[in-house]
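Subject: Structure handover

Hello,

Here is the structure I promised to pass on. Please open it alongside these notes.

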Amino acid sequence: MREQIWRTRLTAARRERARYTPRVRSLCLFVTALTCIACSGSDGASARLPGVAGTDAHTDMDSGAGAGGADGATSSVAGNGGVAGDQDLGGGGALDEPGVAISRYDYRLDLASREAESTLTFDVTRSGSGCVNLKSSLPVRDTLAPLGFELAQRADELALCGSFTAGNAVQLSTKQTVIEAADPKTQVGFSRRPDRANREFSYLLGWLEQCPRFGPCDPAPQRLTHYTFDVSHATADVVLCPGVRTFTEGSTHCELLDTLAPSYSSFAIASDSGWARTPLVTAAGVSVVLYDTPAGSLYGGLDAASFGDFLEWLTQLLGPYPYGDELRVASAPTTFLGMEHPANIVVRDDLTNLFVGYSNVPMHVLLHETVHQWAGNRTTLSSTLDYLWKEAIAEYLAYVFEDERRPFPEAMSARSLWHNTGLGAPYPIRPLTPPPLPLEDWAAGGYDTAPLALFVQLEPWLGRPAVLAAIQLFLRDPVARSMDDLRAALETTSRLELANYFAAWVFGDEPVEWPVVSATVQQTGSEATVTLTQSQSRGRIFPCVIDVELKTANETAVAHVDFGLSPSSTSAAASVVLDEPVVSVSIDPERRVLVFPAPAAAAAPAAPPTRLAPRVPFHP
Ligand SMILES: [Zn+2]
């Protein structure tokens with residue numbers, strides 16, 4: 001999702017303000033660690049619960065034997081079983097605990113009353129007695145569980161306990177009332193707002209670990225499952241829900257029964273009686289249709305033919321569109337720029353009038369959200385801490401298309417935006433431990449740092465084809481992927497060792513520090529040699545290739561200063577041929593690297609580096 005973004009040119013005043021208030025651009029992010037509750041099994045014995053799991057989606061990626069990775073290994077989530085308790089299963093004495101996974105949600109909602117009914121189907125792969133854990137922020141009632149099973153709710157924890165038999169599916173049904181309340185910053189929850197035509201827009205919006213707002217579920221981001229949605233609504237309402245959609249008067253049905261999907265984006269129901277359906281383009285076997293109010297400007301703000309080209313290009317790279325043959329794009333009064341539900345994209349209804357830094361906001365947002373159908377929906381996150389790979393891929397693939405097939409300013413604007421805003425990122429791209437603040441806060445700025453650090457900065461060494469091949473490999477399967485899986489994929493396709501690079505740019509538990517560089521130029525005859533020196537305060541030397549533009553009265557040359565993937569020196573140099581005296585030096589003029597000129601680099605036109613303070617103490 002590309003979130004609420006007040007992307008601006010960082011004026012001095014705004015930059016100063018941003019020093020202490022990192023912008024919240026991420027839409028909707030809540031991080032609540034799922035904790036396993038202890039309860040008594042049917043025999044009354046207190047036991048660590050095996051937990052409930054959806055299809056455990058993580059599999060090791062082909063590591064490319066001999067491909068140059070450090071060890072070719074990828075991190076792996078433990079096998080089938082628990083949200084919390086997996087580590088205990090193999091420890092002896094727990095072999096009778098069941099292997100249970102949610103395979104399907106059937107969710108009913110009456111839009112007017114917000115009365116909801118959830119039916120969860122559990123697949124049992126290993127017989128045993130015990131409990132599976134669920135989350136529900138709502139009190140459940142009228143519960144229906146198999147004979148002999150007991151369901152207990154304590155606060156937002158639900159435990160279904162009984163004797164599970166391998167091969168026998170178990171179903172649990174509950175009723176609950178969805179609360180009409182949404183987070184004011186992210187819109188996550190259930191909300192009603194007037195649209196631009198003053199009709200009512202209703203939105204049940206989930207997010208990472210937020211499905212308990214709507215009933216019993218497993219909120220772990222790595223779970224991929226099937227879903228059906230049945231929505232009862234007023235006759236005039238146009239209702240969108242994820243997957244293959246059918247509707248009759250007053251009722252809309254959606255199915256996600258072919259390709260698996262995660263809960264973070266699948267719990268989503270949007271309704272607006274003012275929406276009219278308008279075909280945009282058909283390409284790559286996908287019919288793209290817009291849902292906008294008659295006064296809306298989305299259709300006029302999009303280049304339909306170009307988006308069709310994008311779908312052809314994207315499906316050649318990532319495979320067929322995963323969610324049927326229709327992609328619906330709805331314009332609505334949302335807080336965020338766009339959100340990626342399977343087969344549905346919801347975008348903000350004033351995209352055509354927003355200045356957020358992109359040269360073409362509506363097109364960029366649509367490209368970005370479309371990539372999420374593969375990056376985030378079909379292939380999900382191993383953990384919330386891995387959040388930024390999906391945003392980086394969405395940004396980067398949109399950028400590559402812009403760079404190769406769209407007007408020049410679009411790609412340049414994306415890089416400038418990433419560079420300028422990335423300076424304010426408060427946290428590493430992939431924190432090693434959970435930051436003490438919500439996802440939308442720690443990930444602020446990561447939308448910008450991640451596409452540069454994970455992809456654009458690697459292009460000089462790997463080449464763009466190898467970077468794209470790595471993304472293709474990484475997203476090949478409907479599983480959960482981690483940031484380290486992405487490193488492994490990049491190593492596989494490039495045959496380069498990237499552990500040191502990722503340690504410098506991606507992983508971390510300290511406040512973010514980016515390289516600060518200064519340049520000196522020496523000329524001998526017709527050769528000009530530029531030397532760059534990194535001088536960031538903590539002393540880490542960053543692997544990077546930095547372009548330096550040298551200008552004379554009549555010539556321009558670009559030196560590519562390569563510090564290498566495992567630099568040992570704070571300085572690196574490169575030479576170019578110039579017959580006249582150099583009169584100006586510009587470091588990274590095309591904004592391809594997260595480096596910032598030191599104040600002493602007087603010839604550099606960019607603003608001096610600014611250190612942003614985290615909004616809360618870093619690991620107090
Ligand atoms: Zn996104």
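Predicted model: local features only at pLDDT ≥ 70, side-chain atom pairs only at ≥ 80, totals over all residues.

Numbering starts from 1 along each chain as its sequence is written, and side-chain values use heavy atoms, without hydrogens or water.

The largest nonpolar core holds 170 residues. (Such a core is a set of buried Ala, Val, Leu, Ile, Met, Phe, Trp, Tyr and Cys residues joined through side-chain atoms within 4.5 Å; buried means under 20% relative accessible area, with a 1.4 Å probe and protein chains only.) F307, L397 and W505 touch the most other members. Helix 7 (residues 388-405) gives the most to this core, 11 residues. Helices are DSSP runs of H or I, at least four residues; strands are runs of E, at least two; both are numbered from the N terminus.

L397 touches V371, L468 and I471, among others, leaving out residues up to four places away in sequence. Contact means heavy atoms within 4.5 Å.

L468 and I471 are among the buried residues of helix 12. In helix 12 (residues 464-474), 8 of the 11 residues are buried, so it is largely enclosed by the rest of the structure. Its buried residues pack against partners including helix 5 (304-318), helix 7 and helix 13 (483-494).

Helix 8 (residues 408-422) is also largely enclosed, because 11 of its 15 residues are buried. These include R415, W418 and H419. Their cover includes helix 6 (361-371), helix 7 and helix 10 (446-454).

Best wishes

Notes:
Buried < 20%, exposed > 50% of the residue type's maximum accessible area, 1.4 Å probe, protein only.
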